[in-house]
Amino acid sequence: MTIRAVVRGVGHYLPARVVPNSEFETLVDTTDEWIRSRSGIEQRHFAADGETTSDLGANAAKAALADAGMEASDLDAIVLATSTADLTFPSAATMVQAKIGMTNGFAFDVQAVCAGFVFALANANALILSGQAKRVMVIGAETFSRILDFNDRSTCVLFGDGAGALILEATEGQGTSADQGILSTDLHSDGSYRDLLYVDGGVSTTGTSGHLRMQGNQVFRHAVEKLAETAHTALDKAGLGPGDVDWIVPHQANIRIIEGTAKRMQVPMERVVVTVQDHGNTSAASIPLALSVGKARGQIKTGDLLVTEAIGGGLSWGSVVLRW
Ligand code: UT7
């Protein structure tokens, strides 16, 4: 008998305010055409004043609980991926825990920037496989609008706010790649690339939250190469290949990165869940948002083989292979 972390529910939440590309034409020297053609983004959502990352995460968590037919008290743990927590501490995860009325179990944040959800999934899987938790809520929630420099056209047009959540449950499997649940994980970081993507503030430096800085074309170069490589490695670990993939559910940073990675993986774009046009880059929230939207669209079905892959600040990157 093999224990697998199997998906029981999924949900997402997007703030009400939709921001079309045209709004940036009045802020910086850019055009809707540039943003669409260079990134694939058409619009993004921005949180309202006073609406926090844990508010977004709690709404996504409630949607996932409803999808699973579970109560908050059924959960043993919350693992929340974010780089934009409400406060320096406590964790956004414990704030979500309080907002959904869960007083049992434990909750903590994971910080791996845009790769955060993949890292959180791998950690939740490890909690389940080691017997420390049976039911884990895994959340990606971000308010990147709070750390954007709205004078910097090379970054402010790319990011958005949102949250997605997944509930994993320990389930007996056969130990084969036909099992439902997480089949393999592959994680990497290389801190020598710090300057490619970082925030220029923090508790022990400036005492401010700072603004996002990115050498976009350098990150782009690393992304296509490293994402295809980690996805191949994760598939290999699961004893599977590109031909077995029903859906790539990638981090949604740039349609050209998504297409380039799919091409390197030899998976056609018809088998890729794409939401970047509607959400922009929501960092750790982008994959769970895409999972939830992909299911709602009728793309992702029970039994489908999914590969998620993401890269972000650090650099940190990785991939998770799971059967829905
Ligand atoms: O999620 C975490 C990981 N992050 C990413 O994956 C982002 C990765 N990078 C990218 O998505 C792309 O590199 C960008 C969308 C950020 C930029 O696309 P690019 O094709 O790499 O363009 P570039 O940075 O090489 O810039 C090309 C030109 C530059 O002008 P010059 O120097 O050629 O005259 C920029 O100044 O585009 C200019 N530019 C803009 N023009 C109009 C940069 N931002 C804008 C803008 N509007 N918003």
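Modeller: A nitrogen atom of the ligand is 3.0 Å from a polar backbone atom of Gly216. Please note that this is a predicted model, in which local features need pLDDT of at least 70, side-chain atom pairs count only at pLDDT 80 or more, and totals for chains, interfaces and linings use all residues. Residues are numbered from 1 along each chain as its sequence is written, and side-chain values use heavy atoms, with hydrogens and water left out.

Biologist: How much of the ligand does the protein bury?

Modeller: The protein buries 72% of the 950 Å² that the ligand exposes when taken alone, with areas from the Shrake-Rupley method and a 1.4 Å probe.

Biologist: Which residues are closest to the ligand, and how many surround it?

Modeller: The ligand is surrounded by 22 residues, the closest being Thr30, Arg38, His251, Asn254 and Asn281; to count, a residue needs a heavy atom within 4 Å.

Biologist: How does the shell divide by residue type?

Modeller: It holds eleven nonpolar, seven polar and four charged residues. Asp, Glu, Lys and Arg count as charged, Ala, Val, Leu, Ile, Met, Phe, Trp, Tyr, Cys and Pro as nonpolar, and the others, Gly among them, as polar.

Biologist: Which helix gives the most to the shell?

Modeller: That is α7, with four residues; helices are DSSP runs (H or I, at least four residues). At least two shell residues come from each of α2 (32-39), α6 (153-156), α7 (216-237) and α8 (255-265).

Biologist: Which domains contribute to the shell?

Modeller: Domain 1 (2-173) and domain 2 (181-323) each supply at least three residues, the bounds coming from an automatic or database domain assignment.

Conventions:
A polar contact is a pair of N or O atoms within 3.5 Å; within protein, one must be able to donate a hydrogen and the other to accept it, and residues adjacent in sequence count only if both atoms are side-chain atoms.
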